[in-house]
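Visitor: I'm new to looking at protein structures. Could you show me how to read one, feature by feature?

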Amino acid sequence: MATSSPSTVPHHVAIVMDGNGRWATKRFLPRVAGHQQGVGALSRCVKACMSRGIAVLTVFAFSSENWNRPAEEVSGLMELLALSLAREVPSLKANGVQLHFVGERQQLSDKVRAGLEQAEAATADNHRLVLNVCFNYGGRWDIAQAARKLAASGQEITEMALDRALALAHVPDPDLLIRTGGELRISNFLLWQAAYSELHFSDKLWPDFDEAALDEAIAVYASRERRFGKTSGQLVTGTQPSTEKAA
Ligand code: IPE
Ligand code: IPE
Ligand code: MG
């Protein structure tokens with residue numbers, strides 16, 4: 001495990017983008033209108049993260065459990081994903097964003113799957129910001145698929161081996177995990193990787209999450225003492241341990 005000095009700006013921020021439906025309902029709009037606004041909020045958030053020196057952003061866009069929503073909302077979200085890829089990928093590519101989609105792809109349509117693959121290929125050489133979009137993702141799914149991989153290859157099940165088999169093995173664990181929309185729960189996001197993330201809950205509905213809200217989260221993060229099991233006294237003298245896997 002690498003060690004790093006404490007930083008005021010988190011290297012990796014993860015966000016549960018919650019509250020789109022309530023944003024729309026408050027305005028007597030269909031829920032999918034809230035999801036459309038949510039895409040705009042994400043686009044602004046990506047730019048704000050880059051300008052603040054955040055290197056990795058991981059967002060929860062569609063959970064394994066979200067299939068249980070009304071059929072028209074699910075199909076609206078699938079269409080929105082395809083449409084957003086077509087609209088957003090050129091500027092993400094131009095701005096140095098490397099896109100990854102994290103989650104079970106077998107359940108997605110051929111069209112959506114092809115769109116994800118094209119977007120990843122188009123941005124693979126970028127290095128300014130890694131953007132992981134968790135789509136049809138669940139923390140339990142991830143741990144189970146990683147365990148299946150290890151079992152199939154006959155590898156010993158250690159924390160490190162499991163860690164490397166997880167869908168987010170290409171990035172270090174999140175330093176800061178934000179949930180918008182006022183709910184105080186994890187909802188099956190990053191169950192393994194959030195072991196030592198600092199948690200921040202914002203009452204703002206995701207479409208309203210702006211630069212000031214991001215700065216507030218970063219400021220709260222900077223004020224926290226990350227002890228990783230040690231005592232405060234130990235941190236004063238030494239460097240801060242980190243759960244980071246890779247740069
Ligand atoms: C989060 O917003 C986006 C998805 C889960 C797809 P919601 O749609 O959950 O919004 P609320 O929580 O109903 O307001
Ligand atoms: C979590 O939000 C999933 C996403 C933001 C994609 P939900 O709205 O699905 O979570 P619950 O159902 O309130 O726990
Ligand atoms: Mg919700």
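**Reading the model**

Guide: Let's start with one contact: a polar atom in the side chain of Q98 lies 2.8 Å from the backbone oxygen of N126. Before we go on, this is a predicted model, where local features need pLDDT of at least 70, side-chain atom pairs count only at pLDDT 80 or more, and totals for chains, interfaces and linings use all residues. Residues are numbered from 1 along each chain as its sequence is written, chains are lettered from A and ligands numbered from 1 in the order in which they are written, and side-chain values use heavy atoms, with hydrogens and water left out.

Visitor: What makes a pair of atoms a polar contact?

Guide: A polar contact is a pair of N or O atoms within 3.5 Å; within protein, one must be able to donate a hydrogen and the other to accept it, and residues adjacent in sequence count only if both atoms are side-chain atoms. N136 gives you another case: its side chain has a polar contact of 2.9 Å with the side chain of Q107. A polar atom of the N136 side chain also lies 2.9 Å from the backbone oxygen of E104.

Visitor: Where in the fold are Q98 and N136?

Guide: Helices (H or I, at least four residues) and strands (E, at least two) are DSSP runs, numbered from the N terminus. Q98 is in strand β3, residues 97-102, and N136 is in strand β4.

Visitor: Is Q98 buried or exposed? And N136, buried or exposed?

Guide: Buried means under 20% relative accessible area, exposed means over 50%, and partly exposed is in between (1.4 Å probe, protein chains only). Q98 has a relative accessible area of 12%, so it is buried. N136 is buried too, because its value is 2%.

Visitor: What about G138, buried or exposed?

Guide: G138 has 0% relative accessibility, so it counts as buried. You'll find G138 in the loop between β4 (129-137) and α5 (139-153). Sequence distance and spatial distance are separate things to read: G138 and S63 are 75 residues apart in sequence, yet 5.8 Å apart in space, C-alpha to C-alpha.

Visitor: Now the ligands. Which residues around ligand 1 are the closest?

Guide: A residue is near a molecule if one of its heavy atoms lies within 4 Å of it. Ligand 1 is surrounded by 13 residues, the closest being D18, G21, R22, R31 and R69. Sorting by class, Ala, Val, Leu, Ile, Met, Phe, Trp, Tyr, Cys and Pro count as nonpolar, Asp, Glu, Lys and Arg as charged, and the others, Gly among them, as polar. The shell around ligand 1 has three nonpolar, five polar and five charged residues. Helix α1 gives the most to this shell, with three residues.

Visitor: Which polar atoms lie close to its oxygens, and how much of ligand 1 gets covered?

Guide: A polar side-chain atom of D18 is 2.9 Å from an oxygen atom of ligand 1, and an N or O atom in the side chain of R31 is 2.9 Å from an oxygen atom of the ligand. Taken alone, ligand 1 exposes 380 Å², and the protein buries 86% of that (Shrake-Rupley method, 1.4 Å probe; for residues, only the protein chains shown count as cover).

Visitor: Which residues are around ligand 2?

Guide: They are V16, M17, D18, F60, A61, F62, N66, R69, R179, R185 and S187. By class, that shell divides into five nonpolar, two polar and four charged residues. Strand β2 (residues 56-63) gives the most, with three residues. Oxygen atoms of ligand 2 lie 2.9 Å from an N or O atom in the side chain of N66, 2.8 Å from one in the side chain of R185 and 3.3 Å from a polar side-chain atom of R179. Taken alone, ligand 2 exposes 390 Å², of which the protein buries 78%.

Visitor: S187 is on that list. Where does S187 lie?

Guide: S187 is in the loop between β5 (176-179) and β6 (198-201). It has a positive phi of about 50° although it is not a glycine. With 32% relative accessibility, S187 counts as partly exposed.
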